[in-house]
Amino acid sequence: MRVTQGGVGGKGGGGSGGGGSGSDVNFRSGNSFECATFLTSLLLGQGYNAFVVFGYASREQVRCNRTKITCPYLPEDTKELEASEEPDVNLIYKLKPPADLRSKFLLKLDAREKLKLETEIQREEEKQARIIIELEKPPPDKYHGYRVHAWVVVLPALNNMKGKQVTRPFFIEPSSGEMYDLTDPRTNLLYLGVESIWNDQNYWINMQQDSIGCDKINWNLTLTELWEHLLPGEPWTMRGVEDDVVEEDVKIEREKHLDMPNSYVKEIYISSLEFEKRYPRGHKTIFYKKVKVDLYAPYVQLDGIIEKITIYDDYEYTTPIEIYEKYANRNDNLIRSRQNLNTNYIIDYYERGRPDACKEHRYYNHESSPFIFSERTLCFYDVVRIDGLSEMHMYPYRLTQYYVNREDLLYYRNVEFSPEKGESTVEGIHYRYIHTITEKYHRNDLLPPSKDIAVREFVLTDKEIHLKFHYEDEKITRSTRVYKKPETGEHLNIHTAIIEEYNANTTSPPEKNLHLFYEIEKLLKEEDRCIFNIREAENEISSFIKKRTSEYLSPNLMISSFDRNRIETGKPIKDAASISSLEKIIKPADHLAPYLARIGNPKQISKAQAYLLREDCLNDFKQSENEDLTREEEDELVAKTNEITFNLQLLDMKLDRHKNLVPVRYKMLVELLEEDERLSILYNQ
């Protein structure tokens with residue numbers, strides 16, 4: 001970023017007294033006047049009507065003490081959805097409520113006692129609030145109203161493009177960059193009075209009463225009875241007149257008594273790398289009320305953290321209770337983390353782009369419990385996953401999965417594990433014994449409700465399969481069916497397989513045995529598939545946790561290919577690994593390798609073998625290239641070619657027409673401007 005206009009401190013440049021604006025960039029520190037001058041120079045260079053304010057501020061504002069202010073960096077907690085009150089339905093027939101046989105006198109006494117208790121609780125809460133306010137109140141300041149401070153005020157521009165963006169004055173604290181609305185009562189508590197303001201144009205002295213607050217100050221600099229300017233020859237826009245522009249400039253030049261010297265400070269130049277560092281040595285710590293905020297520049301920390309918010313339970317910052325962290329440029333796509341230190345509950349948030357499509361990871365940081373048995377929740381980007389998995393909840397003896405937009409209409413699967421039977425371990429993964437598998441499905445409109453499965457349960461311990469179908473219209477019960485799986489080695493017998501069946505529609509004919517036989521045969525295959533999916537889910541959980549452990553122990557940061565600060569272009573590659581990988585990419589393909597493999601890759605071949613290898617290679621290439629296309633494929637290829645040719649011709653015509661019309665339109669615009677009366681002064685001399 002480069003500022004070339006409107007610098008404070010002289011003509012055509014920007015700077016503060018002493019070391020100038022360059023020292024603020026190099027050291028990233030300075031007093032209030034240096035920081036305010038530097039910020040004003042930047043704002044003037046961007047076209048804002050900014051001024052340095054010399055006045056008086058409170059002790060906390062002068063010392064940058066934020067310990068009595070609520071932290072603005074705290075993330076907004078997810079608001080719980082309030083249960084909306086259901087509208088009253090106008091029913092023709094309503095059930096009469098039962099008669100209230102309780103004593104009205106006793107009810108009145110209970111209400112009186114309840115009101116008394118609530119009043120007592122409210123009075124105690126107000127008392128505690130007053131005590132907290134008294135404790136948080138800063139001690140009295142004997143220099144209140146006499147502490148000198150400098151900050152920035154931005155006023156609406158009179159004749160500037162930024163005038164539409166800035167509609168009313170506001171303050172900017174240069175040490176923190178915070179904006180303060182003049183109508184906010186908190187602003188009057190921080191900023192107590194204004195003595196004068198200045199920028200590269202002039203120096204204005206505030207002639208208004210000191211007793212009024214900053215919100216009562218009139219910021220119209222054209223009123224000389226309120227603001228007395230020091231130097232003559234200010235711009236005509238600051239005069240508040242509507243005379244001709246050229247004549248006003250002539251008057252100003254005639255009455256000018258002082259020419260400001262050129263600025264001794266170089267123009268402000270902030271490189272992208274310096275702008276990225278932001279803070280002194282890339283780190284800044286701010287203390288708010290019971291909150292400590294650590295801010296880091298990108299790539300300063302090895303784990304990629306850029307913001308860390310620690311919430312404390314006391315005002316001395318000794319007992320932390322919660323931590324919020326923000327990350328950037330991490331290879332594992334971690335962007336936020338939240339940890340409750342009392343319960344050791346952690347929530348990690350990831351942005352889209354991970355191979356496992358993980359969105360959130362919620363877990364308890366208990367190192368004593370095994371990975372697969374610990375309670376945790378995984379949320380996924382379901383649009384990325386092929387199986388449509390949205391959430392997965394793990395418990396010591398339960399696993400629950402939620403799905404979205406699946407073709408088979410499955411949206412819920414719950415697995416109950418048996419705590420009595422031991423688990424098996426394969427390759428470090430604990431496979432627990434499955435007790436029951438429950439699946440739920442959405443309604444399939446292509447099937448009748450009596451044949452559309454709503455809930456399916458596989459009870460592995462009892463070797464049973466329970467089916468519950470969807471409700472039919474105007475039915476208060478639904479059809480159910482229970483199958484008994486055959487023992488190992490027995491043949492499937494449909495008469496002994498069904499142990500319980502209920503049909504909600506008594507008028508419908510019973511199902512045929514052949515249909516039931518096919519159904520139970522399909523269910524047995526589905527049971528094996530469900531067990532396989534559950535084992536795959538356990539493998540996925542185990543591999544995810546192992547990968548997350550390695551990512552936490554050795555985090556990697558990724559660098560964008562457009563980051564010029566860290567990617568040097570135009571220099572040779574010196575890394576041996578990079579050179580070897582580059583040679584593999586550039587190395588041409590060996591076309592004879594598969595043909596030599598057929599004859600055992602001999603070190604030397606005869607002339608006849610060489611001839612045969614050459615002919616086989618050429619014939620295979622001709623055969624692969626001369627494959628006949630079908631009639632439909634040829635027509636489709638010709639149609640696409642014609643469409644591309646037509647679009648290219650159309651674009652050429654539009655380009656030629658644009659080139660021909662540009663000079664004509666420019667000439668017409670010049671003629672219209674010459675005929676405009678508002679610009680006649682440029683042509684009538």
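Guide: Contact means that heavy atoms lie within 4.5 Å. This is a predicted model, where local features need pLDDT of at least 70, side-chain atom pairs need 80 or more, and totals for chains, interfaces and linings use all residues. Residues are numbered from 1 along each chain as its sequence is written, and side-chain values use heavy atoms, without hydrogens or water.

Visitor: Which residues does E464 touch?

Guide: Leaving out residues up to four places away in sequence, its contacts are E457, F458, V459, V482, Y483, K484, K485 and I499.

Visitor: How do you know that E464 has no salt bridge?

Guide: A salt bridge needs a side-chain nitrogen of Lys or Arg within 4 Å of a carboxyl oxygen of Asp or Glu. For E464, the nearest side chain of opposite charge, K484, is 4.3 Å away.

Visitor: What makes C379 buried?

Guide: Buried means under 20% relative accessible area, with a 1.4 Å probe and protein chains only. C379 has 8%, so it is buried. C214 has 0%, so it is buried too.

Visitor: How many disulfides does the structure hold?

Guide: There are 0. For C379, the nearest cysteine sulfur is that of C358, 7.7 Å away. A disulfide needs two cysteine sulfur atoms within 2.5 Å, so C379 is in none.

Visitor: Why are strand 13 and strand 14 called paired?

Guide: Strands are DSSP runs (E, at least two residues), numbered from the N terminus. Two of them pair if DSSP finds at least two bridges. Strand 13 (residues 320–327) and strand 14 (residues 334–340) share 5, so they pair; they run antiparallel. E325 stands opposite S337 in strand 14.

Definitions and conventions: Buried means under 20% relative accessible area, exposed over 50%, partly exposed in between (1.4 Å probe, protein chains only). Lys and Arg count as positive and Asp and Glu as negative; His and the chain ends are not counted. Helices (H or I, at least four residues) and strands (E, at least two) are DSSP runs, numbered from the N terminus.
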